[in-house]
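Let's take a friendly walk through this model together.

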There are 2 protein chains.
Amino acid sequence: MPPVPVKGVGTKTAPRRAGRPPRALLGHAQITRAALRLVTRDGYKALTMSGLAKSLNVAPSALYNHVSSKQDVLLLVEDALMGRVDVSAFTERPWEEAVRLWAHSYRDVFSAHLPLIPVIALLPVTNAPQTITMYEAVTDGFLRAGWPQERIINAIVALESFVFGSAYDVNAPGDIFATGELEDAAPHFTAAVARRGNPAGHNDADAAFALGLDAMVAGLAATLASATR
Amino acid sequence: MPPVPVKGVGTKTAPRRAGRPPRALLGHAQITRAALRLVTRDGYKALTMSGLAKSLNVAPSALYNHVSSKQDVLLLVEDALMGRVDVSAFTERPWEEAVRLWAHSYRDVFSAHLPLIPVIALLPVTNAPQTITMYEAVTDGFLRAGWPQERIINAIVALESFVFGSAYDVNAPGDIFATGELEDAAPHFTAAVARRGNPAGHNDADAAFALGLDAMVAGLAATLASATR
DNA sequence: ATTGTAAATGAACGTCATTCATTTAGTGAA
DNA sequence: TTCACTAAATGAATGACGTTCATTTACAAT
């Protein structure tokens, strides 16, 4: 599939003249709620337009009065989930700790929503208010830590890239590095996989995430220090 | 969709007793080549079982004698592409530079093959010889640089996670951070986006990738130094 | 010649997302 | 009250797609 056909959320809930009582069964809010419930209960395989319609007691075609495609539904869900990413540390904690807490929260939210990662990574944030709110809070935190404007977006994108990749890793099976019959061709790799050591209480994905996050945060902090000197 | 239904490559090309001349039109090699050609020419949207069959002058159902699902085709393509990732620097260059060159090559190969990222990130490497070969070379490079066995896989996974996320970012549209009507709600973010500055010759994705890679490599090197002290 | 079998065929299925002509039911105006 | 308007819902239809399966094909060993 190609770089995801990109549009903003299409059909909006119709603008309604003031005291007009609503008679619609559907709206962005209802669709988003139902989609989120469906996905949480049965996973993304169950998120079909018919399944979504059924969960709303409505015909599938009715959805298209409020949304212009399934992509639009994914966009709605994505933005709703962005509201769950915890950015509070950026106003309460020093930069390094805040970045770590934000990255952890971000990864945890989307590791349960992998199909949304291409949506976040490739679609404009336009018309995604919660997404924009998150970026604003993060940018603000960077500014307060003394980051120069010109570098902030690149730093956020770099951290985000690591978060997205790590979200995939959370869902990797435990035997993802099992070499099988080809073990003999890769002795060093096989040995390293066998001896992969993780701190107490950390699974493989958490250990790799912690290592990479510590490295990147430390490296970025060093970058900042040398840039502001 | 759920964490990708996972299997190894299914139906193998039948083991053939010695002097038996092949009469088959199809095989893993032909399928892989045709899929790669199709994808390179027309993108992943064009990679359908019928399209693939047509490009091989064969009925779609014939593919299933050699491959057990479309996932299998993706796995074949993925492994073929892994052979294009340049790991030569690990035998010729110091660790930091080798990691940088490897990561760049890895990102460049798969930024043109985004739909394979979930495949790489979630499916066991078993029966993916080129993939295993790549990991062996990388592991070997880490060992030679003095990395302790127990940390190597976590470091590779962390770097890979960043590479995968960055591959998505390569395909992000230029206006991905355009806030549109919600500009007023995110003044700091909007300003930072407007002032995003990139070194000469670098586009946005390259600048973010370079920043994150430098940070992570420096951070990992520091980790190594303190671990071996 | 006969038999066995891997591989190819073509018709079918079920599942999707999406479109469209039509109907429904409130609303504001006459 | 009546009427006309319209947003929203319906249900049937369409076209892609991945996959299955009974059947046939054509080569190789016997």
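Which helix gives the most to the lining of the largest cavity? It is α8(B), with 4 residues. Please keep in mind that this is a predicted model.

**The cavities**

Searching the whole structure turns up 2 cavities of 30 Å³ or more. The table sets them side by side.

| Cavity | Volume | Lining residues by class |
|---|---|---|
| Largest cavity | about 170 Å³ | 13 nonpolar, 3 polar, 3 charged |
| Second largest cavity | about 30 Å³ | 6 nonpolar, 1 polar, 1 charged |

The largest cavity has a volume of about 170 Å³. It is lined by 19 residues, and those closest to its centre are A:Ile176, B:Ile120, B:Ala121, B:Tyr135 and B:Glu160. Both chains take part in this lining: α9 (149–170) of chain A and, from chain B, α3 (70–82), α6 (117–122), α7 and α8 each supply at least two residues.

The second largest cavity is lined by A:Glu78, A:Val119, A:Ile120, A:Leu123, A:Pro124, A:Val125, A:Ala128 and A:Thr131.

**Where the chains meet**

Helix α8 of chain B is also the place of B:Ser161. Is this serine buried or exposed? B:Ser161 is buried, because its relative accessible area is 4%, under the 20% cut-off. Leaving aside residues up to four places away in sequence, B:Ser161 touches A:Ser161, A:Phe162, A:Gly165, A:Ser166 and A:Asp169.

Another place to look is helix α10 of chain A, which spans residues 187–194 and has A:Phe189, A:Thr190 and A:Ala192 buried. Why do these three count as being on the same side of α10(A)? They cover an arc of only 165° around the axis, so they share one side of the helix. What do the buried residues of α10(A) pack against? Their partners are α7 (129–144) and α8 (149–170) of chain B.

**Chain A as a whole**

Stepping back, chain A has 11 helices and 0 strands. Of its 229 residues, 49% are buried. Among contacts in chain A between residues at least 6 apart in sequence, 69% join residues at least 24 apart. The chain exposes about 10300 Å², with 54% of that area supplied by carbon and sulfur atoms.

Technical notes: Residues numbered from 1 in each chain as written. Chains lettered and ligands numbered in written order. Predicted model: local features only at pLDDT ≥ 70, side-chain atom pairs only at ≥ 80, totals over all residues. Heavy atoms only, no water. Buried < 20%, exposed > 50% of the residue type's maximum accessible area, 1.4 Å probe, protein only. Contact = heavy atoms within 4.5 Å. Areas by Shrake-Rupley, 256 points an atom, 1.4 Å probe, with all protein chains shown as cover. Arc of directions from axis to C-beta. 1 Å grid on protein atoms, 1.4 Å probe; cavity = no way out; pocket = protein on both sides within 12 Å on 5 of 7 lines; lining within 4 Å. Points joined across faces, edges and corners; volume = space filled by probe spheres on them. Nonpolar A, V, L, I, M, F, W, Y, C, P; charged D, E, K, R; others polar.
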